[in-house]
Amino acid sequence: MNASRIATIMVKELRQISRDAATLGMLLAVPLFLLLMFGFAISLDVKHIQLAVLDNDRTPASREFLQFFLHSEYFELKKVMTSSAEVDGLLDEGKALVALVIPRGFGRDAANGRRVEIQAVADGSNGTTAATAIGYVQAVAAEYSQRAFVRSLERAGVTGMRSTIDFRPRVLFNPELRSANFLVPGLIVLILMMSSVLSTTISIVREKERGTMEQISVSPVKPLELIVGKTVPYLLMGLVAAATILATSRVLFGVTVRGSWVDLGIVTLVFLIGCLAFGVLLSTLSDSQQVAFLLSALLTLLPTFILSGFVFPFRNMPAVIQAVSYVLPGRYYLSALRAIMLKGVGFRDFGDQVLALGAFACVTGALSVLRLRGRGK
């Protein structure tokens, strides 16, 4: 490769980017917009559950039981119902997610240590949310039941009773169970994948539409020199975008990097090289910017969102879909990114992910050179 020819192409590309407001917006403003939109809109936390209550007992004990739900951030009292006919109506209208029915004699039976049946009716339109809400109800009911049982024993003169199991859960890497810590690395993968592939693809296709690709074809510039000269400016801008996204995530969502910044930079660099090479490869398959945009969006947005482990775990997918995910670079980058940002581990724990990203970059780069050479450059 000739360094002078590569530098000439890089200077030309940088000038073109600086004069194209749309490209600058796509590379700098769009990633931040996507981070803000997805970061604030997407949340896996199930909080502020709309709760409706039908209290058929209306005793201090039933009111105390209800307060167990309202003292947490997970439930909000939507309505106190007066008849069972209102239960189905509230759920049908979507005004409540869970309806709690407290039977008559609740306070008396709980005080005497007898079994009490509490009914919880949940809106199962969203199965995941409903299952989480029912889990919260069971946890609150179990806590109240334990306290009521201890009080009944004390009234009977039995003291000093202790639970035989001392359960003390410990959550590693994300003690507060904040969904932002889980989602932000996935957003970084999605944003960098989209912006890097799309920018490179459109850059080369634009040369075709303007007829300058033919001029480059008859010049001494070799295919590999063209690819390097075209992608290095976008590689630098991709690194700037990644740093900006990380800084914004720290300020807005409190997501920090526990591991080494050097490791993070190396992994991001390898990932961006693979994405840019993939963008060059896609540019050889399209002759218009519209087709290039649709092709890039189709092959980056949906696969990265669905098959990278961003939101949906691999173990829940069919074996065929899991096999397809091994081809996607986002899968490996996301795994390494979460290992660095959340767990703070080093290359020893995610070195295989970096090797996979490097292999993807080499394969797509080689295919890009072959495709450009086969098309006359």
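I count two strands as paired if DSSP finds at least two bridges between them. This is a predicted model, and I kept that in mind throughout.

**Entry 1: the S3 and S4 pair**
I started with strand S4, residues 119-122. Four bridges join S3 to S4, and the two strands run antiparallel. Val98 stands opposite Ala122 in S4.

**Entry 2: S3 and its two faces**
In a regular strand the side chains alternate between the two faces of the sheet. I therefore checked each side of S3 for cover, taking under 20% relative accessible area as buried. On one side, Val98, Leu100 and Ile102 are buried. On the other, Ala99 and Val101 are buried too. Both faces of S3 are covered.

**Entry 3: S1 and its partners**
Next I took strand S1, residues 49-55. Six of its seven residues are buried, so I filed S1 as mostly covered. How many bridges join S1 to S3? I found five, and the strands run parallel. Leu54 stands opposite Val101 in S3. The bridge partner of Asp55 in S3 is Ile102. S1 also pairs with strand S2, residues 75-81, through six bridges, again parallel. There, Val53 stands opposite Val80. I then traced the chain from S1 to S2. With helix H3, residues 60-70, the two strands make a right-handed β-α-β unit.

**Entry 4: the cores**
I turned to nonpolar packing. The largest nonpolar core has 48 residues. Which of them touch the most other members? They are Ile188, Leu192, Val267, Phe271 and Tyr333. I listed the elements that give two or more residues to this core: helices H2 (21-41), H7 (179-210), H9 (223-253), H10 (261-283), H13 (329-343) and H14 (347-374). H7 gives the most, with eleven residues. A second, separate core has 19 residues, including Leu66, Phe75, Leu100 and Tyr144.

**Entry 5: Tyr333 and H13**
I looked up Tyr333 on its own. Leaving out residues up to four places away in sequence, Tyr333 touches Ile188, Val189, Leu192, Val267, Thr268, Phe271 and Leu357. I then went along H13. This helix has 15 residues, and 13 of them are buried. From first C-alpha to last, H13 reaches 21 Å, close to the 21 Å expected at 1.5 Å a residue. Just after H13, Gly344 takes a positive phi of about 70°.

**Entry 6: Glu13**
Glu13 lies in helix H1, residues 3-19. Is Glu13 buried or exposed? At 1% relative accessibility, Glu13 counts as buried. The list reads Ser203, Glu207, Gly229, Lys230, Pro233 and Tyr234.

**Entry 7: cysteines**
A disulfide is a covalent bond between the sulfur atoms of two cysteines. I searched for sulfur pairs within 2.5 Å. The count comes to zero disulfides. Cys275 is at 0% relative accessibility and counts as buried. Cys362 is at 56% and counts as exposed.

How values were computed:
Residues are numbered from 1 along each chain as its sequence is written. This is a predicted model: local features need pLDDT of at least 70, side-chain atom pairs count only at pLDDT 80 or more; totals for chains, interfaces and linings use all residues. Side-chain values use heavy atoms; hydrogens and water are left out. A nonpolar core is a set of buried Ala, Val, Leu, Ile, Met, Phe, Trp, Tyr and Cys residues joined through side-chain atoms within 4.5 Å. Buried means under 20% relative accessible area, exposed over 50%, partly exposed in between (1.4 Å probe, protein chains only). Contact means heavy atoms within 4.5 Å. A crossover is right-handed if, with the strands pointing away from the viewer, the path from the first strand over the helix to the second runs clockwise. The expected span of a helix is 1.5 Å times one less than its number of residues.
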